[in-house]
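Subject: The structure we talked about

Hi there,

Here is the structure I promised to pass on. Have it open while you read, and my notes on it follow below.

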Amino acid sequence: MKKNLETQKVQFTETVLRDSNQSLIATRLPYSKFADILPTMDKAGYYSVECWGGAVFDVCLRFLDEDPWQRLRNMRKAMPNTKLQMLLRGQNLLGYKHYPDEIVKMFVEKSVENGIDIIRIFDALNDLRNIEVATTAAIKAGATVSGTLSFTQSPVHTLEAFAKQAKEMENMGVATICVKDMAGVMTPHEAYELIGAIKSEVKLPVVLHTHCTTGMAFMTYLKAIEAGVDVIDTATSCFSGGTSQPATETLNYALKQLGYETGLNDDALKEVNDYFKPIRDGYLKDGTLNPKMMATDTDALNYKVPGGMLSNLVSQLKAQNAMDKFEEVLIETPKVRADLGYPPLVTPMSQMVGVQATNNVLSGERYKNISKEVKAYCRGEYGTSPAPIDPEVMKKALGDEKPIEGRYADTLEPIFEKTKAELEGTAKNDEDVLSYILFPQVTEKYFAARKAKEEKIVKYTIEPIEE
Ligand code: CO
């Protein structure tokens, strides 16, 4: 039989250890719950396992009493044959503000040293100056960098603009281009056009990331694959759907039948899903997993506002006893976004735009109250807006003050050595210092808990000898 050399390969990134559990159960999956399935996952044939970064780091320290670096080393040891992948928010790393270049470089180096293979690097505004330092450091450290475009719809986010950015990232030396549709609003048509546009501009493999939120994802992936996408993000089926990714086994089954090569091991995939099913059921039972998160919600399509942002708006308005203003705020939100130069509605922009829209409606006068964050945004502290900010808004936010020129991170002083000295006796290594720099209060609490635990162990091991 003649071998079909034209067989298209579609590879899979499994997200259950990061985005899937972040989207469904706020990243509350402790290492102990999934440790036993890692050797099976290691045999499944995934392109990569997304398992670190995003909210994992913060939640480990804040809620799970786990050292995120130790978790990474454990996963590395348990999955020696699989590429471990993390998500990194450029100059913000895994935190919520910009860090000095020194910290960005060190954090990236340490991530690779502790076991990361692939770093997906993005910036909320698609300002490439915010991903440049992390990208260069990651390449130097030997990681595979996936240069990432934050997908959004607006008059300035054209196919040409995205393709041009992909080209610029290729020139920066990234190994793959990832299109990140964090809100799950990309339609099959848009995926087909966009992946095609990027594919004709760059020679690199292209990865697509989306969520099932609005019900588009399976169709979107299929059209993206027709346009030549190389890798898709999916979650083991019991942790798929709703705000999570589409199901791994479903896409594997359908694509194989269509003649695509996936490289996945069906038996391993089943074992992985069988393992996570009772874990999912446990979270449903104790309320950690709200069944609504697994359902389709098309509001994001009607309002052009991501699902997570809608629920934030509702809780904001409820807290101020102003739910009667909901429709008005929803109409105001895209207007604020346009005034601010169409930032993609992703953290932290989604919060900024939502709060400003609420303020504009509740105060009865647009931009009467401007938040500290929006002022910082107008000053250029987050990077360059996709389109120019409305001059009126700019004037109201900054008065006579001029926006900064150049990159905000250039104004930040090195802090590592100073912080390390401050933590002498508490931090055990440079990784500890980095955890503290990213999340000071949370890490301090974690250090205290760790110390208490260690003292208890010492006491316990000493006492029997004394008896
Ligand atoms: Co996502």
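Let's start with Phe122, which sits in the loop between strand 4 (118-121) and helix 7 (129-140). A quick word on those names: helices (H or I, at least four residues) and strands (E, at least two) are DSSP runs, numbered from the N terminus. Phe122 is buried, with a relative accessible area of 4%. Here buried means under 20% relative accessible area, exposed means over 50%, and partly exposed is in between (1.4 Å probe, protein chains only). Between the C-alpha atoms of Phe122 and Val202, 80 residues apart along the chain, there are 18 Å.

Before going further, some ground rules: this is a predicted model, where local features need pLDDT of at least 70 and side-chain atom pairs count only at pLDDT 80 or more, while totals for chains, interfaces and linings use all residues. Residues are numbered from 1 along each chain as its sequence is written, and side-chain values use heavy atoms, with hydrogens and water left out.

Asn126 is in that loop between strand 4 and helix 7 too. Its phi is near 60°, a positive value in a residue other than glycine. Most residues other than glycine have a negative phi, and most peptide bonds are trans. Asn126 counts as buried, at 7% relative accessibility. Tyr367 is another non-glycine with a positive phi, about 60°. You'll find Tyr367 in the loop between helix 16 and helix 17 (372-379), and it is buried at a relative accessible area of 6%. Then there's a cis peptide bond between Thr347 and Pro348, with omega about 0°. Pro348 belongs to the loop between helix 15 (326-339) and helix 16.

Next, helix 6 (residues 101-113). It has 13 residues and reaches 18 Å from its first C-alpha to its last, close to the 18 Å expected at 1.5 Å a residue (the expected span is 1.5 Å times one less than the number of residues). Its buried residues include Ile103, Val104, Phe107 and Val108. Met106, also in helix 6, is buried with a relative accessible area of 17%. From Met106 to Ala137 is 31 residues in sequence and 8.3 Å in space, C-alpha to C-alpha. Just after helix 6, Gly115 takes a positive phi of about 135°.

What coordinates the cobalt ion? Asp19 (OD), His209 (NE2) and His211 (NE2) do, at 2.1 Å. Donors are N, O and S atoms within 2.8 Å of the metal (3.2 Å for Na, K and Ca), and water is not among the atoms, so sites may look incomplete. Asp19 lies in helix 1 and His209 in strand 7 (residues 206-209), so the pair ties together parts that are 190 residues apart in sequence. Both Asp19 and His209 are buried.

Last, the largest pocket, with a volume of about 1,500 Å³. On a 1 Å grid over the protein atoms alone, a pocket is an open set of points with protein on both sides within 12 Å along at least five of seven lines, and lining residues have an atom within 4 Å of a point. Grid points are joined across faces, edges and corners, and the volume is the space filled by probe spheres (1.4 Å) set on the points. Of its 48 lining residues, the closest to the centre are Gln22, Ser23, Gly307, Gly308 and Met309. Helix 14 gives the most to the lining, with 7 residues.

Happy exploring!
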